[in-house]
Amino acid sequence: MLSLQNRAPARGRAHDAPRRLIVIGTGVIGLATAYAFARRGWSVTVVDQAEGPALGASFANGAQLSYAYTDALAHPDLLRRLPQLTIGLDPSFKVRGLLDPDFAPWALQFLRNCTWTRFSDHTLAGLQLALESSAALEALMERHPFEFHHAVPGKLHMFRSRAAFETARRVVDIKRRHGGRQAVLSWREAVAIEPALRAAGEVVGVIHTPDDAVGDPFRFCTELLKVLTQQYGVTARFGFKVVRLEAQEGRAWVANAAGDVLRADLLAICAGVDAPQLLRKLGLSAPVWPMKGYSFTAAVGPEAPRLSVTDSARKVVFCRLADQIRVAGLAELGAQSTAVDRRRAAQLIDLARSVLPAAAHYDAVTSVWAGLRPMSPSSLPIINRPRPELVLNVGHGMLGWTYAMGAGERAAALSASSRLERIP
């Protein structure tokens, strides 16, 4: 049983010596967390089993910073569609690993969240974090301007079902009352804003989010790591696979298979879908489950959209990054491998072509990618401090890039508090 009683800090630290932090994971979450701590004067080391930053779920995700589109995955409509999803009738959303015993506890929590009240609460909690994240990213760019194809074109979310559109309007009304800026548009109004939508076929209505942004998460991590190492003295250890770790009774350390040991005052686990395995080594658990997604990148086509575009029915998102288009979609809940299934990749390309036929040069795709999104049952990240020596920043799901900077700030703020929390 995890005790939540506060413990005294470790002895033997000089009064003016910076406290030491080890961050496990160097995607957008890990590096945003490292930045938030380093800016507060901590001595930070980041470690990753990969050979460089952002080579997991941050590498080539959808690239959208969806500050006002924070809708939780667990929704009453999804619950009604569950039989269809479990037998594979929806090509865009599949459920894998139903017989995996580790899936059952996560699934039960997820199903309990499929009520309108919980959906609304979780969506609004995500909106608050996203707005914090937007402000934190703006502050970072003012302090350390670097290039990662950041732009604020806004986003258009298309609906082909009247019922789905009416539900979306209801959610917009809720978010407007809590700081979200969204507008409900007719098809004609949306085309006036983004002429590329003329090719999208029959659409019932559109939600316009003018403040949603875009940015290349891999390039962001690469440039932020330079800032961290050159200006904040952060140490980076790549190819460092953590096989042992401890975070209790005033001790915090990690070790790799070669026996290299790194010691600190605090560990921050920001390891995405690998977090549950690391936590088990500490006798803890967290409800994080993988959901595989795909993306491809291609040169912009003759009718590429300027704004980001999401087709809700086909679950495809288009994001312009300078002279390229990043298209992301498909969801496989419970998939464990990041290997690219060529049939699924071809399916995504075909879906994108059916939505916006001239948005990209689909016959000359430059890269195809698949990654595992770390999903929590509520779609909200788990940012807490279960032990004095341990901070968690995991479970950001499909909005890791959106939440990253705000989540890092929240994680760093926990270090100044003596309050401990159980992992939900």
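Glu-332 and Arg-344 are both buried, with buried meaning under 20% relative accessible area, exposed over 50% and partly exposed in between (1.4 Å probe, protein chains only). The two side chains meet in a salt bridge at 2.7 Å, N to O, a salt bridge being a side-chain nitrogen of Lys or Arg within 4 Å of a carboxyl oxygen of Asp or Glu. Since Glu-332 sits in strand β17 (residues 324-333) and Arg-344 in helix α10, the pair ties together parts that are twelve residues apart in sequence. Helices (H or I, at least four residues) and strands (E, at least two) are DSSP runs, numbered from the N terminus.

A word on the model: it is a predicted one, in which local features need pLDDT of at least 70 and side-chain atom pairs count only at pLDDT 80 or more, while totals for chains, interfaces and linings use all residues. Residues are numbered from 1 along each chain as its sequence is written, and side-chain values use heavy atoms, with hydrogens and water left out.

Now to helix α10 itself. This helix (residues 342-355) has 14 residues and spans 20 Å from its first C-alpha to its last, close to the expected 20 Å, the expectation being 1.5 Å times one less than the number of residues. Its buried residues are Arg-344, Ala-345, Leu-348, Ile-349, Leu-351, Ala-352 and Val-355. They sit on the same side of α10, because they cover an arc of only 160° around the axis, taken from the directions from the helix axis to the C-beta atoms. Exposed Arg-342 and Arg-343 are carried on the face turned away from that buried side.

Asp-363 counts as exposed because its relative accessibility is 72%, whereas Arg-353, at 31%, counts as partly exposed.

In total, the structure holds 17 salt bridges. One of them joins the side chains of Arg-40 and Glu-409 at 2.9 Å, N to O. This one links distant parts of the chain, 369 residues apart: Arg-40 is in the loop between α1 (28-39) and β2 (43-48), and Glu-409 is in helix α11 (residues 400-414). Arg-40 is partly exposed at 39% relative accessibility, while Glu-409 is buried at 18%. Arg-39 joins Arg-40 and Glu-409 in a network of salt bridges.

A polar atom of the Asp-212 side chain does lie 3.2 Å from the backbone nitrogen of Ala-68.

Lys-155 turns up again with Gln-64, whose side chain makes a polar contact with the Lys-155 side chain at 3.0 Å. Such a contact is a pair of N or O atoms within 3.5 Å; within protein, one must be able to donate a hydrogen and the other to accept it, and residues adjacent in sequence count only if both atoms are side-chain atoms. Gln-64 is in strand β3 (residues 64-65) and is buried, at 11% relative accessibility. Its side chain also reaches the backbone oxygen of Phe-318 at 3.3 Å.
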